[in-house]
Amino acid sequence: MSEVYPVPAETAKNALIDNDKYNAWYERSVKDPDGFWGEHGKRIDWIKPYTKVKNVSYSGDVSIKWFEDGTLNVSANCLDRHLAKRRDQTAIIWEGDDPNESAHITYGDLHERVCRLANAMTDLGVKKGDRVTIYLPMIPEAAVAMLACARVGAVHSIVFGGFSPDALAGRIQDCDSSLLITADEGLRGGRKVPLKVNADKALETCWSCKSVIVVKRTGGDVHMVTGRDHWYHDIVAKASPTHTPVEMSAEDPLFLLYTSGSTGKPKGVVHTTGGYLVYASMTHQYVFDYHEGEVYWCTADVGWVTGHSYIVYGPLANGAITLMFEGIPNYPTVSRFWDVVDKHKVNIFYTAPTAIRSLMREGEEPVKKTSRKSLRLLGSVGEPINPEAWTWYHRVVGDNRCPIVDTWWQTETGGILITPLPGATALKPGSATRPFFGVKPVMVDAEGKTLEGATEGNLCLAEPGWPGQMRTLWGDHDRFIQSYFATYKGMYFTGDGARRDEDGYYWITGRVDDVINVSGHRMGTAEVESALVAHPKVAEAAVVGYPHDIKGQGIYAYVTLIQGEEPSEDLRKELVNWVRKEIGPIASPDLIQWSPGLPKTRSGKIMRRILRKIAENDFGSLGDTSTLADPTVVDDLIDSRMNRG
Ligand code: 6R9
């Protein structure tokens, strides 16, 4: 039995939703989705109100539509509608990498900046439906660029600033972006990131991209291509500060975001306008129990879905104060997070387990020497949080006072799906607890049989569903159906395994497909493999995850060299750097094992189950190895395994 943390009295006093309300709302949301979402859809402003609410089918061709005959503009919802009341209220608190740099941007300022960029983009020929790739550091211009796209009806695709030129190029090409918005350089932990240099390299192979807008962040020397490249500050200075938002249909795409799947090619997840915004704003309000005037900080990067829904769209749709942080948790010191909390009087703090674990390693003193008395609620996202990290977060960071919302969701789901609500849910360390409104988790076994009661299995989601769900994969609806709706008929398969306990609480156990989760970043093992085999000395590679103290999972690569090549320390380093260059630093293998042979079935399939076990240093229970073409390979691999911890 795990320890239970009841709702603290202080939280219960002001909470938006208590347990009775949760139960009543949940029941209605799954029994009468049209009634429930028909009401809650009104939390945002519509140009033309919807008359239809839900039109969803998880079978056949799979079609997901919400509020389909309504029209709206997301930027108007995040900005214009707040101006009467909040023109002078802070929208974004920006905290720079350098602790001496920060800024407050009001709703009025933000509105003007977005209008100017929207006009400048229009002058560059960007129209409704065009794709715009954003490759920016964590600076306010990133939010401005997103909202300017939404304002003119362009579909943004943000590429994380840590990705390589090749990864950026692939994502620009896949959606034929006509505009790229980037910066001269990024700044993280005192180090410069050569964004414009990377962008120039990427654009050598991107014919669709006709214009580049460059934000001056560091003032570093960059090459500007005449006719193609424009300084952000020049074009916005010339642009008009007012702009009429473009009327969009609820089901027009708002953004796409590439994420890793179990094959090599990243998937372009498509989110649309109306349902996404309703869901992002509603979850932001209720999961974080957001109250007027509170300072809310999500430490994610806008390059990930968490940054989209919970730094920009959810909070701004709610007229909240959202903090945007350019830096990293351990620069200039390991107290940085808590210094920022004190500096800006942060009330709600949302981060990833990997950050907690890395700070936990530094001991309590760097936390305890800060006040943190403004904190009221903590959040976690990105990977399972181990109970040890959870209790440290609760005790040391939250001084036993702040509830923790462990929020489970995915790029594909647009918003949080399984989570505690602070005023309603008793917490169990390590459990994401219960479903949000409209979300119907179903546990199935490998054969697709539905499992009832306390059980363990694969996590699927059944109808009715929630309006923030992805609609398709960019340009590949078949892959969308195959990836998510083909494994278990009539249900969305999450790719995660889970346990449901006797109280109906969910415990996410991690991915059951070939996706690994490294420091909360999703990585397809196939992506790392294809980067490795692209190296001229590599014949074959197999990549699996293994338990890692800080990162959650580390990347373990088995590499077979081509005939005549000898393993060496230099080659190992070369391969690590190669993968960094091909994909980005987040994909660097932690351990590389030289493998003269890989365990294969007689039909030539690599038996990953065995490779996973060896990487986990758990080779006592390899299971059935009788189908192996050459069972002696396994003994060799065990003998030279890299993880003996
Ligand atoms: C939001 C985000 C999605 C995958 C997901 C799961 C893991 C996310 C989690 C969690 C356990 C949580 N995950 N939150 N696992 N507990 N609270 O992270 O999206 O980058 O698409 O990753 O992350 O495995 O399937 P994304």
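**Contacts, burial and a cavity**

Student: Leaving out residues up to four places away in sequence, what does Pro 384 touch?

Tutor: Its partners are Pro 353, Arg 357, Ile 508, Thr 509 and Gly 510. Bear in mind that this is a predicted model.

Student: What makes Asp 406 buried, then?

Tutor: Asp 406 has 6% relative accessibility, and the cut-off is under 20%, so buried it is. Asp 406 belongs to strand 20 (residues 404-407). Among the residues it touches, beyond those up to four places away in sequence, are Ser 380, Ile 418, Pro 420 and Gly 430. Both Pro 384 and Asp 406 are in a UniProt "binding site" feature from an unreviewed entry, and such annotations may be inferred rather than shown by experiment.

Student: Which residues does UniProt list for "binding site" along with Val 533?

Tutor: The unreviewed entry lists His 535 and Val 538 with Val 533.

Student: Why is Val 538 called buried, and why is Val 533 called partly exposed?

Tutor: Val 538 comes in at 6% relative accessibility, under the 20% limit, so it counts as buried. Val 533 has 37%, which is between 20% and 50%, so it is partly exposed. Val 533 lies in helix 18 (residues 525-533), Val 538 in strand 29 (residues 538-548). The two are in contact with each other, and Val 538 also contacts Val 559, Ile 562 and Leu 575, among others.

Student: How many cavities of 30 Å³ or more are there?

Tutor: The count is 1. The largest cavity has a volume of about 40 Å³, which clears the 30 Å³ limit.

Student: How do the residues lining the largest cavity divide into nonpolar, polar and charged?

Tutor: You get 6 nonpolar, 2 polar and no charged. The lining is Val 74, Ala 150, Gly 153, Ala 154, Met 248, Pro 253, Leu 254 and Thr 273.

Definitions and conventions. Residues numbered from 1 in each chain as written. Predicted model: local features only at pLDDT ≥ 70, side-chain atom pairs only at ≥ 80, totals over all residues. Heavy atoms only, no water. 1 Å grid on protein atoms, 1.4 Å probe; cavity = no way out; pocket = protein on both sides within 12 Å on 5 of 7 lines; lining within 4 Å. Points joined across faces, edges and corners; volume = space filled by probe spheres on them. Nonpolar A, V, L, I, M, F, W, Y, C, P; charged D, E, K, R; others polar. Helix = DSSP H or I, 4+ residues; strand = E, 2+ residues; numbered from the N terminus. Buried < 20%, exposed > 50% of the residue type's maximum accessible area, 1.4 Å probe, protein only. Contact = heavy atoms within 4.5 Å.
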